[in-house]
Amino acid sequence: MPDAPRSLTPLAFGADYNPEQWPESVWREDMALMQEAGVTMVSVGIFSWALLEPEPGVHDFGWLDRLLDLLHDHGVRADLGTPTVCPPAWFHRAHPDALPVTREGVRLSFGSRGAICHTSPAYRAAAADITERLARRYADHPALALWHVHNEYGVPVSACYCDTCAAAFRVWLAGRYGTVDAVNDAWGTAFWGQRYGDLEQIDPPRLTPTVANPAQRLDYRRFADAAMRENFVAERDILHRHSPGVPVTTNFMTALSQCDSVDYWAWGREVDLVTNDHYLITDGRRTHVNLAMAADLTRSVAGGAPWLLLEHSTSGVNWQPHNPAKAPGEMARNSLAHVARGSDGAMFFQWRQSRRGAEKFHSAMVPHAGTDSRVWREVVRLGADVGALAEVRGTRTEADVAVVWDWQSWWAQQLEWRPSEDHDARERADTAYEALYDRHLTVDFAAPEADLGGYPLVVVPALYLTTPAAGRNLRAYVEGGGTLVVSFFSGIVDEHDAVHEGPYPGALRDVLGLTVEEFSPLLPGERVRLAPPAGGDAGAGAAPPELTGDVWTEFVVERGARTVWEYADGPAAGRPAVTRHRLGDGTAWYVSTRLDADGLGAVLDLAAADAGVVPRTALARDVEVVRRSGDSGRFVFVVNHTQAAADVPLEAPGTELLGGARVDAALTVPAGAVRVVRLDG
């Protein structure tokens with residue numbers, strides 16, 4: 001694997017730079033402003049195919065030559081994009097079949113971005129050609145730090161349902177299953193008389209009179225994800241061939257609030273450097289918790305290694321129903337919270353705010369208001385702070401616990417005709433993360449079959465699709481001394497969306513020590529009370545409080561587990577609601593109803609006691625304390641999202657990196673501020 005961005009020794013600070021939107025007379029002004037702001041790297045060329053190849057086979061690299069030379073002369077490195085997210089108008093005029101077709105049979109049109117059928121031979125050939133030309137021309141350019149392939153795969157289009165994709169899907173099925181009989185078996189086509197006699201009879205799961213075969217739809221999501229990934233790998237390999245040692249990436253969107261069409265566990269294995277785009281979702285939730293979750297998830301996709309925040313916003317965005325500006329200081333808190341959780345920099349979309357186009361109201365480092373503005377002054381201050389954190393680069397974030405997450409299980413659970421449309425895997429993951437965040441526990445995410453042995457506590461918020469291997473992995477984790485917390489509707493089906501043989505919860509019933517006779521989802525507005533039974537097993541924790549659940553209940557039968565909470569009312573009144581199962585040297589907890597973050601937190605407190613994990617309850621809510629460590633030292637980041645000063649104890653004295661002050665046993669962080677301390681020793 002190539003090294004981190006070549007010669008980019010400080011943390012990355014900069015933005016997407018689209019100078020083609022401006023006359024070249026503005027470029028030198030941009031260079032001076034970049035130096036004032038402390039910019040170290042910009043992403044260029046991502047949407048420039050029509051400029052680089054204005055006609056078929058006619059290329060103009062002169063403007064990009066001048067731009068890269070100018071950046072180099074001013075000490076700014078380039079994250080150079082392959083512009084394959086936006087083929088030119090002439091390409092789609094010549095190859096209209098390269099435009100994607102929806103499941104409803106509508107062919108989308110040119111005029112936006114990402115209008116691509118990823119199996120189109122014409123698109124693949126053209127993308128390879130422009131990538132090859134860029135690689136040959138710029139492989140040795142001194143400004144080049146990083147290659148950036150495409151842009152945000154999976155957004156806005158991931159799957160196409162055209163005839164070209166149908167043929168490619170059949171090839172994919174042949175590679176995965178071998179024979180049509182194996183496909184029939186995996187998809188359960190005996191149901192509703194869907195059996196196929198030949199692979200050529202299989203089409204994509206286009207719109208059907210009623211619910212389509214769920215296993216087919218799940219496989220099509222896998223196929224669509226794999227088709228995009230094939231295109232990335234093809235471009236990556238061209239770039240590797242011409243510029244060995246220069247890392248190749250593509251910008252992910254790991255936040256569960258932003259992209260659900262990409263299996264990032266698979267993609268993380270293909271990039272040289274994991275990078276991510278993150279934008280605050282103004283849906284009434286605590287936005288900084290979503291940010292922390294996305295950063296932890298991105299770091300986990302990177303295998304715990306440092307990654308890079310390639311895009312976020314200086315202030316408001318433009319694509320939500322309501323787009324408030326960030327409060328004073330929020331830009332810095334957002335940026336440095338990402339750095340705390342493993343990013344080796346903070347990049348934005350974009351450098352200069354556009355005057356035209358769909359994103360002209362999206363904030364930027366240089367706003368429409370110019371440099372006599374709050375945003376610009378905060379950008380300059382942040383650039384200085386990021387520059388002062390150079391020694392943090394390359395260190396790793398320290399995690400306390402793990403959350404199991406699987407994109408393919410999420411895909412499967414999203415399909416139609418589940419017991420309740422109110423059960424949302426993302427909501428359960430968000431709630432579990434929030435409960436851990438409020439206990440000041442730093443989270444790693446893990447795939448279901450990953451090695452979990454290094455974590456004393458593992459939480460499974462939603463794992464509807466659980467392979468037999470994943471079930472064995474979770475059992476081995478508990479038997480080896482781990483503490484596991486599993487939420488309802490997990491362990492139910494295998495990789496083909498087939499219900500595991502025997503009672504629910506299928507692949508997890510042995511580790512949980514129970515079976516489920518029936519699901520009994522609640523109607524909207526219904527609630528159930530949970531109370532500790534006489535003689536319940538609360539483990540090492542204190543006596544549990546009463547709780548309230550909604551959305552879901554189950555008829556649970558203990559098969560070795562003990563009840564910690566039972567249903568005090570509702571359809572499962574008197575039955576176990578939350579159980580604890582001691583297995584081998586560890587313990588497995590099961591939660592059979594939907595609890596809010598406070599209620600789930602009460603369960604996690606008991607499970608943490610089993611695991612020997614001590615939540616940092618002395619810290620104020622919404623004050624983040626995160627640690628990074630490595631050869632250059634051990635660093636504590638404190639991010640205060642509150643409106644009051646916070647006192648944070650430290651395990652050792654140290655030195656503040658953003659100012660140089662000495663710190664002893666405790667650190668006082670002003671309201672809305674960030675402090676970073678290099679600990680002594």
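**Exercise 1. Is D664 buried or exposed, and why?**

Solution. D664 counts as exposed because its relative accessibility is 57%. The cut-offs are: buried under 20% relative accessible area, exposed over 50%, partly exposed in between, with a 1.4 Å probe and protein chains only. This is a predicted model: local features need pLDDT of at least 70, side-chain atom pairs count only at pLDDT 80 or more, and totals for chains, interfaces and linings use all residues. Residues are numbered from 1 along each chain as its sequence is written, and side-chain values use heavy atoms, with hydrogens and water left out.

D664 sits in the loop between β27 and β28 (666-669). Strands (E, at least two residues) and helices (H or I, at least four) are DSSP runs, numbered from the N terminus.

Then list its contacts, meaning heavy atoms within 4.5 Å. Neighbours within four places in sequence aside, D664 touches L650, A652 and P653. From D664 to E651 the C-alpha distance is 9.1 Å, and they are 13 residues apart in sequence.

**Exercise 2. Give the strand order of the open sheet of 6 strands.**

Solution. The order is β10-β23-β24-β29-β26-β27, and the pairing is antiparallel. Two strands pair if DSSP finds at least two bridges between them. β10 (396-397) and β27 (662-663) are at the edges with a single partner strand each, so one side of each has no neighbour in the sheet.

Now take one pair. β26 (residues 654-656) and β29 (residues 674-679) are antiparallel, with 3 bridges. In β29, V677 is the bridge partner of E656.

**Exercise 3. Which residues touch the most other members of the largest nonpolar core?**

Solution. They are L71, W351, W407 and L484, in a core of 170 residues. Such a core is a set of buried Ala, Val, Leu, Ile, Met, Phe, Trp, Tyr and Cys residues joined through side-chain atoms within 4.5 Å. Helix α17 (residues 597-611) gives the most to this core: 8 residues.

Residues up to four places away in sequence are not counted; L71 then touches M31, M34, V42, V44, V76 and A78.

A second, separate core has 21 residues, including C160, F169, W172 and A226.
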